[in-house]
Amino acid sequence: MQAVLTVIGKDKTGIISEVSSFLASKNVNISDISQTVLEDYFAMIMLVDITAATVEIAALSEECAELGHRIGVSIHVQHEDIFKAMHSI
Amino acid sequence: MFNTGEVLETINMIEREHLDIRTVTMGISLLPCIAGTAKKTAENIYDTICKKAEKIVKVTYELSREYGIPIVNKRVSITPASIICAPFASKSYLIGKALDDAAKAVGVDFLGGYSALVHKGMADYEKTFIESIPEVLADTERLCSSVNIGSTKSGINMDAVKLMGKIIKTAAEKTKDNDSFGCAKLVVFCNAVEDNPFMAGAFHGIGENSTVINVGVSGPGVVQHAIENNKDSDLTELAEIIKRTAFKITRAGQLIAKEAAKRLNAEFGIVDLSLAPTPARGDSVAAILEEIGLESVGTHGTTACLAMLNDAVKKGGIMASSRVGGLSGAFIPVSEDIGMIEAAQRGTLCIDKLEAMTSVCSVGLDMIAVPGDTPDTTISAIIADEAAIGMINNKTTAVRIIPVIGKNVGEEVNFGGLLGKAPIMPIHKESSELFIKRGGLIPAPIHSNKN
């Protein structure tokens, strides 16, 4: 199962490193990644495979939100279908 | 990979613009529960609801965490109870109590369907049932009631309209210590729909499957924001923007509805494409109309803006869902929409303008507080006016009016939560008594004869 992980916040050093090592610790594989910085605003979108993850998507979402809180960015993890449903026919 | 802009748009809608799934409602047929006695039937009802809706709260919680979209309300609707209670109508309150207990046991905030359909005629058992409504609403917490008194096909049952004026006044009296709250749980319909997921008017029609999931989406804030970003667009362009926004909102609803149905062993029923406001700022239908260019909702131009909005929401939503139903349109409840509340307080929004608005949007006069000494015949006449709009225009109209006992124009009533607060609105003082006393049936309109 794939999920979309978004990281939004003020840019600073080490955001990708923090997030990706956290995901590795949960056995979540990163399938694709895109990142943009607009002025000081950091937006990263990852497509992650959670089939082999050690936690369910709902729990992963909560733990990522906590991680985001700790490093000062906003992190969401959502089932990819919500984006497919809303933005493609 | 997803388009960055699209992903961020969805997140923005949820985080900042109050996009949510307003309700996941499980419709349950209670026909198999009818037994020889009221007591046994009540037991069967309690057991059936507890079994079928056991997981509704858990499943919706999981869905909202997985998809990252809030699901605000979990509800149950049932077969119109007057049918269930027909053999023992004088003991209908026992069924009402069992329904309320079941709603509490499964953890839903409202259960709809303490209802009767009397649009053409009212049998004795139905009259007895309807007369039980005020007491049942006063004695229960989560039960909602509705009565269908007219339809395009059958006309308006004015005897039922007359009775409902009295029932609403009695319900207000019986809950007068609580700002006549009983009336907030009672809707009078013309052309009631059988698959409405929204309260207080939800019930599970007898033409429906045994267990279905109906979902109501919402997102006035999202539409308002989309219009805000297009200040220079003309109305043709605005209609397109609203359509596109409604499409996206509805697709989210369709996804949740299908997944919820699968996990709850129910059939996917419909998605109701409604713009349902809440008293929160940024979640208001009135604010959309004002964003289009009105200084205040209620002023000249309101009906035209609402007509355009309502139509665009339907057009965008219909393509987004395989099954559309319920009320599907913009809701304009006064107490549940901060923009409507403020316009009513200013005096810009009056009942007459609201009535005009209901001819171009879904539902009708909703959550309107009026003086507690309003005569029951005046309430009946207000119902008759709304029903006439519904009957002639082949659409659903409803009246959820609260004569707040002990309060008058200039005062306010506060129901709290999603039901919000409302100023007591002035109504016409001139009597409609002789009209209502005539009773009988207003015949169905000529254009109902389509066969």
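Q: Across which strands of chain A does helix H3 (residues 80-87) lie, and what makes the angle to S4(A) a defined quantity?
A: In this predicted model, helix H3 of chain A lies across S1, strand S3 (41-49) and S4 of chain A, and runs at about 80 degrees to S4(A). The angle is defined because both axes are lines fitted to C-alpha atoms and taken in their N-to-C directions, on a scale from 0 to 180 degrees.

Q: What is the order of the strands in the open sheet of chain A, and which of them are called edge strands?
A: The four strands follow the order S2-S3-S1-S4 with antiparallel pairing, and the edge strands are S2 (29-38) and S4 (73-79), each of which pairs on one side only. From one strand to the next the twist averages 15 degrees.

Q: Why is the link between A:Lys26 and A:Glu63 called a salt bridge?
A: The closest N and O atoms of the two residues are 2.9 Å apart, which falls within the limit of 4 Å, and therefore the pair qualifies. This pair links distant parts of the chain, since A:Lys26 belongs to the loop between helix H1 (15-25) and S2 of chain A, whereas A:Glu63 belongs to helix H2 (residues 57-71), 37 residues apart. A search of the whole structure finds 29 salt bridges over all chains.

Q: How do you know that B:Arg65 and A:Glu62 form a salt bridge?
A: Their side chains meet with an N to O distance of 2.3 Å, and because the limit is 4 Å the pair counts as a salt bridge. The count of salt bridges between chain B and chain A is one, while eight residue pairs, both members at pLDDT 80 or more, are in polar contact there.

Q: What makes up the side of chain B that touches chain A?
A: Helix H1 (4-16), helix H3 (56-67) and helix H9 (235-263) of chain B each supply at least two residues, and H1(B) gives the most, with eleven. By class this side has 15 nonpolar, three polar and eight charged residues. The contact takes 26 residues from chain B and 29 residues from chain A, and the area buried between the chains is about 2500 Å², of which carbon and sulfur atoms give 70%.

Q: Why is the pair B:Thr303 and B:Lys353 called a polar contact?
A: The side chains are joined at 3.2 Å, and because the cut-off for N or O atoms is 3.5 Å the pair qualifies. B:Thr303 is placed in helix H11 (residues 302-320) of chain B, and beyond its sequence neighbours up to four places away it touches B:Lys353, B:Ala356, B:Met357 and B:Val360.

Q: What makes the peptide bond from B:Met199 to B:Ala200 and the phi of B:Val363 worth noting?
A: Most residues other than glycine have a negative phi, and most peptide bonds are trans. The bond from B:Met199 to B:Ala200 is cis, with omega near 10 degrees, and B:Ala200 is in the loop between strand S6 (186-190) and strand S7 (211-218) of chain B. B:Val363 has a positive phi, near 60 degrees, and is placed in the loop between helix H13 (351-358) and strand S9 (365-371) of chain B.

Key. Residues are numbered from 1 along each chain as its sequence is written. Chains are lettered from A and ligands numbered from 1 in the order in which they are written. Side-chain values use heavy atoms; hydrogens and water are left out. Contact means heavy atoms within 4.5 Å. Buried area is the accessible area (1.4 Å probe) that two parts lose on being put together, summed over both. A polar contact is a pair of N or O atoms within 3.5 Å; within protein, one must be able to donate a hydrogen and the other to accept it, and residues adjacent in sequence count only if both atoms are side-chain atoms. Ala, Val, Leu, Ile, Met, Phe, Trp, Tyr, Cys and Pro count as nonpolar, Asp, Glu, Lys and Arg as charged, and the others, Gly among them, as polar. Two strands pair if DSSP finds at least two bridges between them.
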